[in-house]
Amino acid sequence: MSATQWTAILTVFFIAVISPGPDFLAVLRTSLSRGRFAGFTVGAGIAVGTILWIALTLIGIVSLLNSHPVAAVVVRLAGATFLIFYGSSILYGLWKERAAEQGKASAVDEDRYRETRKAPETAAENASAPEASTPTASAPDASARPDSGEKTSALTGEPHPTAGAPDATAPEASTPTASAPDATAPDASTPTASVSARSWWPGFRLGLLTNTVGNPKAVVFFSSLFATIVPATITKGESLLLGAVLVAIALAWFTLVSNVAASKSFTRIYRQLNRPIDIILGGLFVFLGLMLLPWDALF
(Lines give C-alpha, C1' and ligand atoms only; values in the text may rest on other atoms or scores of the structure.)
Protein backbone atom coordinates (compact mmCIF):
# COMPACT_ATOMS: atom_id res chain seq x y z
CA MET A 1 0.00 0.00 0.00
CA SER A 2 1.09 3.56 -0.61
CA ALA A 3 1.67 6.18 2.06
CA THR A 4 -1.52 7.94 1.03
CA GLN A 5 -3.57 4.80 1.56
CA TRP A 6 -1.95 4.17 4.95
CA THR A 7 -2.67 7.74 6.02
CA ALA A 8 -6.28 7.56 4.90
CA ILE A 9 -6.95 4.25 6.66
CA LEU A 10 -5.30 5.25 9.94
CA THR A 11 -6.96 8.68 10.00
CA VAL A 12 -10.44 7.33 9.37
CA PHE A 13 -9.98 4.54 11.91
CA PHE A 14 -8.64 6.92 14.57
CA ILE A 15 -11.62 9.25 14.14
CA ALA A 16 -13.98 6.28 14.34
CA VAL A 17 -12.31 4.98 17.52
CA ILE A 18 -12.28 8.24 19.49
CA SER A 19 -15.81 9.24 18.55
CA PRO A 20 -18.29 8.48 21.37
CA GLY A 21 -20.17 5.23 20.97
CA PRO A 22 -20.95 2.00 22.84
CA ASP A 23 -17.25 1.12 23.15
CA PHE A 24 -16.40 4.46 24.71
CA LEU A 25 -19.37 4.34 27.07
CA ALA A 26 -18.54 0.80 28.20
CA VAL A 27 -14.92 1.68 29.02
CA LEU A 28 -15.95 4.95 30.68
CA ARG A 29 -18.56 3.47 33.00
CA THR A 30 -16.49 0.41 33.90
CA SER A 31 -13.46 2.55 34.75
CA LEU A 32 -15.55 4.92 36.88
CA SER A 33 -17.36 2.20 38.80
CA ARG A 34 -14.77 -0.59 39.02
CA GLY A 35 -11.37 1.01 38.53
CA ARG A 36 -8.53 1.28 36.05
CA PHE A 37 -7.83 -2.44 35.66
CA ALA A 38 -11.45 -3.29 34.87
CA GLY A 39 -11.58 -0.49 32.30
CA PHE A 40 -8.40 -1.79 30.70
CA THR A 41 -9.88 -5.28 30.35
CA VAL A 42 -12.88 -3.77 28.53
CA GLY A 43 -10.46 -1.99 26.19
CA ALA A 44 -8.60 -5.26 25.61
CA GLY A 45 -11.87 -6.95 24.64
CA ILE A 46 -12.60 -4.11 22.21
CA ALA A 47 -9.13 -4.54 20.68
CA VAL A 48 -9.74 -8.26 20.15
CA GLY A 49 -13.11 -7.40 18.62
CA THR A 50 -11.31 -5.06 16.24
CA ILE A 51 -9.06 -7.94 15.18
CA LEU A 52 -12.14 -10.03 14.38
CA TRP A 53 -13.69 -7.20 12.35
CA ILE A 54 -10.49 -6.70 10.35
CA ALA A 55 -10.19 -10.41 9.66
CA LEU A 56 -13.83 -10.72 8.60
CA THR A 57 -13.49 -7.68 6.35
CA LEU A 58 -10.31 -8.87 4.65
CA ILE A 59 -11.72 -12.32 3.88
CA GLY A 60 -14.97 -10.82 2.58
CA ILE A 61 -17.46 -12.06 5.18
CA VAL A 62 -18.61 -8.54 6.09
CA SER A 63 -19.38 -7.81 2.44
CA LEU A 64 -21.19 -11.12 2.25
CA LEU A 65 -23.37 -10.15 5.20
CA ASN A 66 -24.27 -6.86 3.54
CA SER A 67 -25.25 -8.64 0.34
CA HIS A 68 -27.81 -10.76 2.21
CA PRO A 69 -30.56 -8.62 3.79
CA VAL A 70 -31.73 -11.36 6.15
CA ALA A 71 -28.25 -11.80 7.59
CA ALA A 72 -27.87 -8.04 8.02
CA VAL A 73 -31.20 -7.87 9.87
CA VAL A 74 -30.16 -10.70 12.18
CA VAL A 75 -26.86 -8.96 12.99
CA ARG A 76 -28.63 -5.67 13.73
CA LEU A 77 -31.21 -7.43 15.92
CA ALA A 78 -28.48 -9.13 17.91
CA GLY A 79 -26.62 -5.87 18.41
CA ALA A 80 -29.74 -3.94 19.39
CA THR A 81 -30.77 -6.66 21.84
CA PHE A 82 -27.37 -6.60 23.50
CA LEU A 83 -27.31 -2.81 23.86
CA ILE A 84 -30.86 -2.65 25.24
CA PHE A 85 -30.15 -5.50 27.65
CA TYR A 86 -26.92 -3.93 28.91
CA GLY A 87 -28.49 -0.49 29.37
CA SER A 88 -31.54 -2.00 31.06
CA SER A 89 -29.30 -3.97 33.44
CA ILE A 90 -27.61 -0.73 34.50
CA LEU A 91 -30.96 0.95 35.14
CA TYR A 92 -32.33 -2.12 36.93
CA GLY A 93 -29.26 -2.24 39.17
CA LEU A 94 -29.84 1.38 40.14
CA TRP A 95 -33.51 0.69 40.92
CA LYS A 96 -32.59 -2.36 43.00
CA GLU A 97 -29.97 -0.40 44.93
CA ARG A 98 -32.47 2.38 45.56
CA ALA A 99 -35.06 -0.10 46.87
CA ALA A 100 -32.49 -1.67 49.20
CA GLU A 101 -31.54 1.75 50.59
CA GLN A 102 -35.19 2.60 51.21
CA GLY A 103 -35.70 -0.73 52.98
CA LYS A 104 -32.74 -0.09 55.28
CA ALA A 105 -33.96 3.44 56.03
CA SER A 106 -37.45 2.20 56.92
CA ALA A 107 -35.98 -0.47 59.21
CA VAL A 108 -33.89 2.15 61.03
CA ASP A 109 -36.91 4.42 61.43
CA GLU A 110 -38.95 1.54 62.84
CA ASP A 111 -36.23 0.72 65.38
CA ARG A 112 -36.06 4.34 66.46
CA TYR A 113 -39.85 4.44 66.85
CA ARG A 114 -39.80 1.36 69.04
CA GLU A 115 -37.07 2.82 71.23
CA THR A 116 -39.04 6.05 71.57
CA ARG A 117 -42.17 4.14 72.65
CA LYS A 118 -40.18 2.01 75.06
CA ALA A 119 -38.30 4.86 76.77
CA PRO A 120 -41.28 6.22 78.88
CA GLU A 121 -42.20 2.72 80.06
CA THR A 122 -38.64 2.04 81.16
CA ALA A 123 -38.46 5.36 83.01
CA ALA A 124 -41.76 4.61 84.84
CA GLU A 125 -40.54 1.18 85.91
CA ASN A 126 -37.30 2.62 87.25
CA ALA A 127 -39.19 5.28 89.23
CA SER A 128 -41.55 2.76 90.88
CA ALA A 129 -38.89 0.19 91.72
CA PRO A 130 -37.89 0.12 95.51
CA GLU A 131 -34.39 1.16 96.41
CA ALA A 132 -32.12 -1.71 97.18
CA SER A 133 -31.19 -1.90 100.89
CA THR A 134 -27.52 -1.69 101.73
CA PRO A 135 -26.27 -4.90 103.32
CA THR A 136 -25.29 -4.41 107.00
CA ALA A 137 -23.75 -7.75 107.62
CA SER A 138 -20.42 -7.29 109.38
CA ALA A 139 -17.25 -8.84 108.18
CA PRO A 140 -16.34 -12.11 109.79
CA ASP A 141 -14.20 -11.87 112.94
CA ALA A 142 -10.66 -12.75 112.23
CA SER A 143 -10.30 -14.17 115.77
CA ALA A 144 -13.17 -16.59 115.37
CA ARG A 145 -12.36 -20.25 115.83
CA PRO A 146 -12.09 -22.25 112.67
CA ASP A 147 -14.65 -24.74 111.58
CA SER A 148 -14.76 -28.00 113.39
CA GLY A 149 -13.34 -29.72 110.41
CA GLU A 150 -9.99 -27.85 110.70
CA LYS A 151 -7.12 -29.33 112.67
CA THR A 152 -6.10 -27.02 115.54
CA SER A 153 -3.07 -26.90 117.85
CA ALA A 154 -3.65 -28.40 121.29
CA LEU A 155 -1.78 -25.57 123.03
CA THR A 156 -2.86 -22.37 121.26
CA GLY A 157 -6.03 -23.40 119.52
CA GLU A 158 -4.66 -21.94 116.22
CA PRO A 159 -5.03 -23.84 112.98
CA HIS A 160 -2.45 -26.49 112.34
CA PRO A 161 0.19 -25.38 109.87
CA THR A 162 -0.82 -28.10 107.46
CA ALA A 163 -4.39 -26.81 107.31
CA GLY A 164 -3.37 -23.58 105.59
CA ALA A 165 -1.29 -25.23 102.90
CA PRO A 166 -2.29 -24.22 99.44
CA ASP A 167 -4.39 -26.55 97.41
CA ALA A 168 -2.28 -28.57 95.04
CA THR A 169 -4.96 -28.42 92.45
CA ALA A 170 -5.17 -24.59 92.44
CA PRO A 171 -3.24 -22.89 89.69
CA GLU A 172 -0.22 -20.85 90.73
CA ALA A 173 -0.57 -17.10 90.39
CA SER A 174 2.75 -16.85 88.60
CA THR A 175 1.80 -19.42 85.98
CA PRO A 176 0.97 -17.65 82.72
CA THR A 177 -2.56 -18.34 81.62
CA ALA A 178 -2.37 -16.85 78.15
CA SER A 179 -3.76 -19.36 75.73
CA ALA A 180 -2.04 -20.35 72.55
CA PRO A 181 -3.01 -18.37 69.47
CA ASP A 182 -6.07 -19.60 67.69
CA ALA A 183 -5.13 -21.71 64.73
CA THR A 184 -8.19 -20.51 62.87
CA ALA A 185 -7.33 -16.81 63.23
CA PRO A 186 -6.25 -15.24 59.94
CA ASP A 187 -2.60 -14.44 59.53
CA ALA A 188 -1.90 -10.74 59.31
CA SER A 189 0.55 -11.33 56.49
CA THR A 190 -2.03 -13.14 54.38
CA PRO A 191 -3.51 -10.87 51.69
CA THR A 192 -7.26 -10.48 52.05
CA ALA A 193 -7.97 -9.07 48.60
CA SER A 194 -10.21 -11.36 46.63
CA VAL A 195 -8.80 -12.77 43.44
CA SER A 196 -12.16 -12.39 41.74
CA ALA A 197 -11.99 -8.61 42.26
CA ARG A 198 -9.07 -8.58 39.78
CA SER A 199 -10.70 -10.96 37.33
CA TRP A 200 -10.23 -9.92 33.74
CA TRP A 201 -12.96 -11.98 32.09
CA PRO A 202 -16.13 -9.92 32.87
CA GLY A 203 -14.62 -6.73 31.49
CA PHE A 204 -13.01 -8.48 28.54
CA ARG A 205 -16.30 -10.16 27.65
CA LEU A 206 -18.16 -6.86 27.87
CA GLY A 207 -15.68 -5.15 25.55
CA LEU A 208 -15.70 -8.01 23.06
CA LEU A 209 -19.49 -8.20 22.87
CA THR A 210 -19.87 -4.43 22.74
CA ASN A 211 -17.49 -4.12 19.80
CA THR A 212 -18.56 -7.16 17.80
CA VAL A 213 -22.28 -7.40 18.50
CA GLY A 214 -23.50 -4.13 19.98
CA ASN A 215 -21.58 -1.50 18.03
CA PRO A 216 -23.44 -0.21 14.97
CA LYS A 217 -20.55 2.13 14.25
CA ALA A 218 -18.23 -0.86 13.75
CA VAL A 219 -20.70 -2.48 11.36
CA VAL A 220 -20.92 0.66 9.26
CA PHE A 221 -17.20 1.39 9.35
CA PHE A 222 -15.88 -2.05 8.44
CA SER A 223 -18.59 -2.81 5.89
CA SER A 224 -18.35 0.46 3.97
CA LEU A 225 -15.45 2.80 4.69
CA PHE A 226 -12.81 0.24 5.66
CA ALA A 227 -13.71 -2.19 2.88
CA THR A 228 -13.63 0.67 0.37
CA ILE A 229 -10.33 2.23 1.46
CA VAL A 230 -8.33 -0.99 1.78
CA PRO A 231 -7.06 -1.94 -1.68
CA ALA A 232 -7.83 -5.33 -3.12
CA THR A 233 -4.14 -5.87 -3.85
CA ILE A 234 -3.12 -5.80 -0.17
CA THR A 235 -0.62 -8.52 0.72
CA LYS A 236 -0.77 -10.85 3.71
CA GLY A 237 2.14 -9.09 5.36
CA GLU A 238 0.46 -5.71 4.93
CA SER A 239 -2.79 -7.13 6.28
CA LEU A 240 -1.07 -8.38 9.43
CA LEU A 241 0.77 -5.09 9.88
CA LEU A 242 -2.42 -3.09 9.33
CA GLY A 243 -4.31 -5.19 11.85
CA ALA A 244 -1.53 -4.80 14.45
CA VAL A 245 -1.44 -1.01 13.99
CA LEU A 246 -5.23 -0.63 14.23
CA VAL A 247 -5.39 -2.80 17.34
CA ALA A 248 -2.56 -0.79 18.92
CA ILE A 249 -4.45 2.45 18.20
CA ALA A 250 -7.67 1.10 19.76
CA LEU A 251 -5.87 -0.33 22.80
CA ALA A 252 -3.89 2.87 23.38
CA TRP A 253 -7.00 5.05 23.16
CA PHE A 254 -9.12 3.00 25.52
CA THR A 255 -6.19 2.61 27.94
CA LEU A 256 -6.02 6.39 28.04
CA VAL A 257 -9.76 6.60 28.63
CA SER A 258 -9.61 4.08 31.48
CA ASN A 259 -6.66 5.88 33.13
CA VAL A 260 -8.33 9.27 32.93
CA ALA A 261 -11.72 7.96 34.08
CA ALA A 262 -10.16 6.09 37.01
CA SER A 263 -8.23 9.14 38.25
CA LYS A 264 -9.04 10.55 41.69
CA SER A 265 -10.78 13.65 40.38
CA PHE A 266 -13.11 11.69 38.10
CA THR A 267 -13.86 8.98 40.66
CA ARG A 268 -14.61 11.66 43.27
CA ILE A 269 -17.14 13.23 40.93
CA TYR A 270 -18.58 9.81 40.08
CA ARG A 271 -19.04 8.92 43.74
CA GLN A 272 -20.97 12.12 44.28
CA LEU A 273 -23.06 11.81 41.11
CA ASN A 274 -22.94 8.09 40.40
CA ARG A 275 -26.70 7.68 40.21
CA PRO A 276 -27.43 10.39 37.59
CA ILE A 277 -24.32 9.43 35.62
CA ASP A 278 -25.36 5.77 35.49
CA ILE A 279 -28.90 6.79 34.55
CA ILE A 280 -27.53 8.82 31.62
CA LEU A 281 -25.14 6.07 30.48
CA GLY A 282 -27.75 3.33 30.83
CA GLY A 283 -30.26 5.44 28.93
CA LEU A 284 -27.71 6.05 26.16
CA PHE A 285 -27.16 2.30 25.74
CA VAL A 286 -30.90 1.72 25.50
CA PHE A 287 -31.22 4.61 23.04
CA LEU A 288 -28.43 3.24 20.81
CA GLY A 289 -30.07 -0.17 20.88
CA LEU A 290 -33.40 1.28 19.83
CA MET A 291 -31.70 3.21 17.03
CA LEU A 292 -29.98 0.03 15.83
CA LEU A 293 -33.23 -1.94 15.55
CA PRO A 294 -34.24 -2.56 11.92
CA TRP A 295 -37.66 -0.95 12.24
CA ASP A 296 -38.30 -1.05 8.50
CA ALA A 297 -37.76 -4.82 8.42
CA LEU A 298 -39.80 -5.48 11.55
CA PHE A 299 -42.91 -3.49 10.57
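Predicted model: local features only at pLDDT ≥ 70, side-chain atom pairs only at ≥ 80, totals over all residues.

1. Start with helix α6. The buried residues there are Gly203, Phe204, Leu206, Gly207, Leu208, Thr210 and Asn211.

2. On the overall make-up, the chain has 11 helices and zero strands. Read along the sequence, the pattern is α-α-α-α-α-α-α-α-α-α-α. Of the 299 residues of the chain, 26% count as buried.

3. Which residues have the most contacts inside the largest nonpolar core? They are Phe13, Phe222, Phe226, Leu242 and Phe285, in a core of 38 residues. The elements that give two or more residues to this core are α1 (3-18), α2 (22-34), α3 (36-58), α5 (69-128), α7 (216-229), α8 (236-261) and α10 (274-292). Of these, α8 gives the most, with seven residues. As a general remark, nonpolar side chains tend to be buried together in soluble globular proteins.

4. The buried residues of α1 are Trp6, Ile9, Phe13, Ala16 and Val17. Seen down the helix axis, these buried residues fall within an arc of 110°, so they line one face of α1. On the other side of α1, Ala3, Thr4 and Ile15 are exposed.

5. Ala8 also has its place in helix α1. In the model, Ile229 falls at the end of the range given for α7 (216-229).

6. How many cavities of 30 Å³ or more does a search of the whole structure find? The search finds one. The volume of the largest cavity is about 130 Å³. There are 14 residues in its lining, and the closest to its centre are Phe13, Ala16, Val17, Asp23 and Asn211. Phe13, Ala16 and Val17 are also among the buried residues of α1, and Asn211 is one of the buried residues of α6.

7. The elements that give two or more residues to the lining of the largest cavity are α1, α3, α7 and α8. Helix α7 gives the most to this lining, with four residues. By class, the lining divides into nine nonpolar, three polar and two charged residues.

8. The second largest pocket has a volume of about 160 Å³. Its lining is made up of Ile51, Ile54, Ala55, Leu58, Ile59, Ser239, Leu240, Gly243, Ala244 and Val247. The elements that give two or more residues to it are α3 and α8, and α8 gives the most, with five. Eight of the lining residues are nonpolar and two are polar, with no charged residues.

9. Val247, one of the residues that line this pocket, is in helix α8. Its relative accessible area is 14%, and Val247 is therefore buried, the cut-off being under 20%. Val247 and Thr50 are 197 residues apart in sequence, yet 6.4 Å apart in space, C-alpha to C-alpha.

10. Helix α3 has 23 residues, which at 1.5 Å a residue should span 33 Å; its end C-alpha atoms are 33 Å apart, so the two figures agree. Just after α3, Gly60 takes a positive phi of about 90°.

11. Phe85 and Val286 are 201 residues apart in sequence, and their C-alpha atoms are 7.6 Å apart in space.

Notes:
Residues numbered from 1 in each chain as written. Heavy atoms only, no water. Core = buried A, V, L, I, M, F, W, Y, C linked by side-chain atoms within 4.5 Å. Buried < 20%, exposed > 50% of the residue type's maximum accessible area, 1.4 Å probe, protein only. 1 Å grid on protein atoms, 1.4 Å probe; cavity = no way out; pocket = protein on both sides within 12 Å on 5 of 7 lines; lining within 4 Å. Points joined across faces, edges and corners; volume = space filled by probe spheres on them. Nonpolar A, V, L, I, M, F, W, Y, C, P; charged D, E, K, R; others polar. Arc of directions from axis to C-beta. Expected span 1.5 Å × (residues − 1).
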